[in-house]
Amino acid sequence: MWCVTTKLWVQDASYEGAKAALQTSLDKLGLDYLDLYLIHQPLGDYVGAWRAMEEAYRAGTVRAIGVCNFYPARLADFCETVEVTPAVNQVELHPFFSQEAALATMREYGVVPEAWGPFAEGNHGIFTHPVLTAIGEKYGKTAAQVALRWNIQRGVVVIPKSVHRDRMEQNIDVWDFELTGEDMAQIAGLTLDHSEIVNHDDPAFVKMLHGVSSVRTRL
């Protein structure tokens, strides 16, 4: 079963910008509706953009609306302000950045956590990490499968990326085993409590996002 998801880019973060961007995405995809539409970053007039997304949700143009990269305080403020609570918050979640506080906030507001980069973009030797590998050997699974299963058991939707068929098959093959509480705790102990992929609090990063041309292909 397919779920068509796309995102609202920073330069389109306004009420009118979001309406136009959504229609552009629908036209390019040749669809009458989207399954999920996400705000890519809490930057610009994302509150105005959300108003347009709420209207699209009520009209059935999108089946669900959500956000990305909303850290706990930002998400709490947003959920206390908007009329339609985000269905999803897509954030960086993997064994080296577990974000337990973020998950607790999402649970409080009924927001589903979705992991981008569940393999830490290949960092920290995740595919051969001794802790993940040793746990996987007990179940006949790879370190990557253990990392995915750990997030799944935390209630996280995972979206691993691969262009290799065998790895795609492995990524799907994570439903026939269950990690123990000891396994889960051992993996949780790997967290660094910060991202080593991106710093959303870095002014230079924010400026870079605002500087990316809005004249691009939207899907």
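Is F70 buried or exposed? F70 counts as buried, because its relative accessibility is 1%, where buried stands for under 20% relative accessible area, exposed for over 50%, and partly exposed for values in between (1.4 Å probe, protein chains only). This is a predicted model, in which local features need pLDDT of at least 70 and side-chain atom pairs count only at pLDDT 80 or more, while totals for chains, interfaces and linings use all residues. Residues are numbered from 1 along each chain as its sequence is written, and side-chain values use heavy atoms, with hydrogens and water left out.

## Aromatic residues

A pair of aromatic rings is described by the distance of the centres and the angle of the planes. Rings of Phe, Tyr and Trp (its six-membered ring) are paired here if their centres lie within 6.5 Å; planes under 30 degrees apart count as stacked, over 60 as edge-to-face and the rest as tilted. By this rule there are six aromatic pairs. One of them joins W50 and F78 in an edge-to-face arrangement, with 5.1 Å centre to centre and 75° between the planes. This pair links distant parts of the chain, with W50 in helix α2 (residues 46-59) and F78 in helix α3 (residues 72-81), 28 residues apart. Helices (H or I, at least four residues) and strands (E, at least two) are DSSP runs, numbered from the N terminus. W50 counts as buried at 1% relative accessibility, and F78 counts as buried at 2%. F78 also forms an edge-to-face pair with F70, at 5.2 Å centre to centre and 65° between the planes. Y46, W50, F70 and F78 make up one aromatic cluster.

R51 lies over the face of Y15, 4.6 Å from the ring centre. The charged end of R149 sits over the ring of F177, at 5.9 Å from its centre.

## Salt bridges

Side chains of opposite charge can pair when their charged atoms come close. A salt bridge is taken as a side-chain nitrogen of Lys or Arg within 4 Å of a carboxyl oxygen of Asp or Glu. The structure holds eight salt bridges, including those in the table.

| E83 | R58 | 2.6 Å |

The salt bridge of E83 with R58 links distant parts of the chain: E83 is in the loop between α3 and β4, and R58 is in helix α2, 25 residues apart. E83 is exposed, because its relative accessible area is 65%.

D77 and R74 both belong to helix α3, where they are three residues apart, about one turn of the helix. D77 is partly exposed, with a relative accessible area of 42%, and R74 is partly exposed at 37%.

D183 is buried, with a relative accessible area of 1%, whereas K138 counts as exposed at 52%. A network of salt bridges links K141, D173 and D176.

## Polar contacts

Polar contacts are pairs of N or O atoms within 3.5 Å; within protein, one must be able to donate a hydrogen and the other to accept it, and residues adjacent in sequence count only if both atoms are side-chain atoms. H40 is in the loop between β2 (36-39) and α2. The side chain of H40 contacts the side chain of Q41 at 3.5 Å, and H40 counts as buried at 18% relative accessibility. Q90 is in strand β4 (residues 88-92) and counts as buried at 5% relative accessibility. The side chains of Q90 and K7 are joined by a polar contact of 2.7 Å.

## Nonpolar surface patch

Patches are made of residues with over 30% relative accessible area and no salt bridge, like charges being joined within 9 Å and nonpolar side chains (Val, Leu, Ile, Met, Phe, Trp, Tyr) within 5 Å. Accessible areas come from the Shrake-Rupley method with a 1.4 Å probe; for residues, only the protein chains shown count as cover. A nonpolar patch on the surface is formed by V112, V157 and I159, which together have about 200 Å² of accessible area. V112 is in strand β5 (residues 112-116) and is partly exposed, with a relative accessible area of 36%.

Technical notes:
A charge sits over a ring if NZ of Lys or CZ of Arg is within 6 Å of the ring centre and within 35 degrees of the ring normal.
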